[in-house]
Amino acid sequence: MALSKKNKLTGLEAESYSQLGILFYYTAQYMNAINNMKDAVELYKTINDSNKISDILNNIGLVYTTINKNEYAIDYIKQAIKIKKAERVRRVISSNFLFLSTYKKPVKLLVYLSILNALNKTNIRRTLSPL
């Protein structure tokens, strides 16, 4: 029982860092966003919440895309895909990819192609509408 309560509190703390990261993102404080999201990932690791870890890694990748640090963006998004693949959550991977393809700010071609390549390696059928 005590372990469950501790995990719940850790999850709440991790979610707080994640939400702070999102707030910092929307106020163009990108490095603060990244740092808070990384803190959230570390906390989620302590309670083995791979779904949340993957979601936040994907968000970190999107922040790096926004500030044109495409090498970092690719790395974090690939990490997110790897976790989803391990969890066999293929539908969510497609959703992540769809979000990237419709993101309001143009995604650099290199990032888009790299993610496409990573998805192809996972043998996932993409259900995207034509751009």
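Q: What makes the contact between the side chains of Glu 15 and Lys 52 a salt bridge?
A: A salt bridge requires a side-chain nitrogen of Lys or Arg within 4 Å of a carboxyl oxygen of Asp or Glu. In this predicted model, the N to O distance between Glu 15 and Lys 52 is 3.3 Å, so the pair meets the definition. Local features are reported at pLDDT of at least 70 and side-chain atom pairs only at pLDDT 80 or more, whereas totals for chains, interfaces and linings use all residues. Residues are numbered from 1 along each chain as its sequence is written, and side-chain values use heavy atoms, with hydrogens and water left out.

Q: Which parts does the pair of Glu 15 and Lys 52 tie together?
A: Glu 15 belongs to helix H1 and Lys 52 to helix H3, so the pair ties together parts that are 37 residues apart in sequence. Helices (H or I, at least four residues) and strands (E, at least two) are DSSP runs, numbered from the N terminus.

Q: Why is Lys 84 called buried?
A: Buried means under 20% relative accessible area, exposed over 50%, and partly exposed in between (1.4 Å probe, protein chains only). Lys 84 has a relative accessibility of 1% and therefore counts as buried.

Q: How do you know that Lys 84 forms a salt bridge with Asp 55?
A: The closest N and O atoms of Lys 84 and Asp 55 are 3.2 Å apart, and the definition sets the limit at 4 Å. Lys 84 lies in helix H4 and Asp 55 in helix H3, so this pair ties together parts that are 29 residues apart in sequence. Asp 55 is partly exposed, because its relative accessible area is 29%.

Q: Why are Glu 42 and Lys 45 described as separated by about one helical turn?
A: Glu 42 and Lys 45 are 3 residues apart in helix H2, which means a separation of about one helical turn. Their side chains meet in a salt bridge, at 3.4 Å from N to O. Glu 42, at 47% relative accessible area, and Lys 45, at 44%, are both partly exposed.

Q: What makes the aromatic pair of Tyr 64 and Tyr 72 stacked?
A: Rings of Phe, Tyr and Trp (its six-membered ring) pair if their centres lie within 6.5 Å; planes under 30 degrees apart count as stacked, over 60 as edge-to-face and the rest as tilted. For Tyr 64 and Tyr 72 the centres are 5.0 Å apart and the planes stand at 25 degrees, giving a stacked pair. Tyr 64 is buried at 6% relative accessible area, whereas Tyr 72 is partly exposed at 46%.

Q: Which residues have the most contacts inside the largest nonpolar core?
A: This core has 20 residues, and those with the most contacts inside it are Val 41, Tyr 44, Ile 56, Leu 57, Ile 60 and Tyr 64. Helix H2 gives the most to this core, with 7 residues. A nonpolar core is a set of buried Ala, Val, Leu, Ile, Met, Phe, Trp, Tyr and Cys residues joined through side-chain atoms within 4.5 Å.
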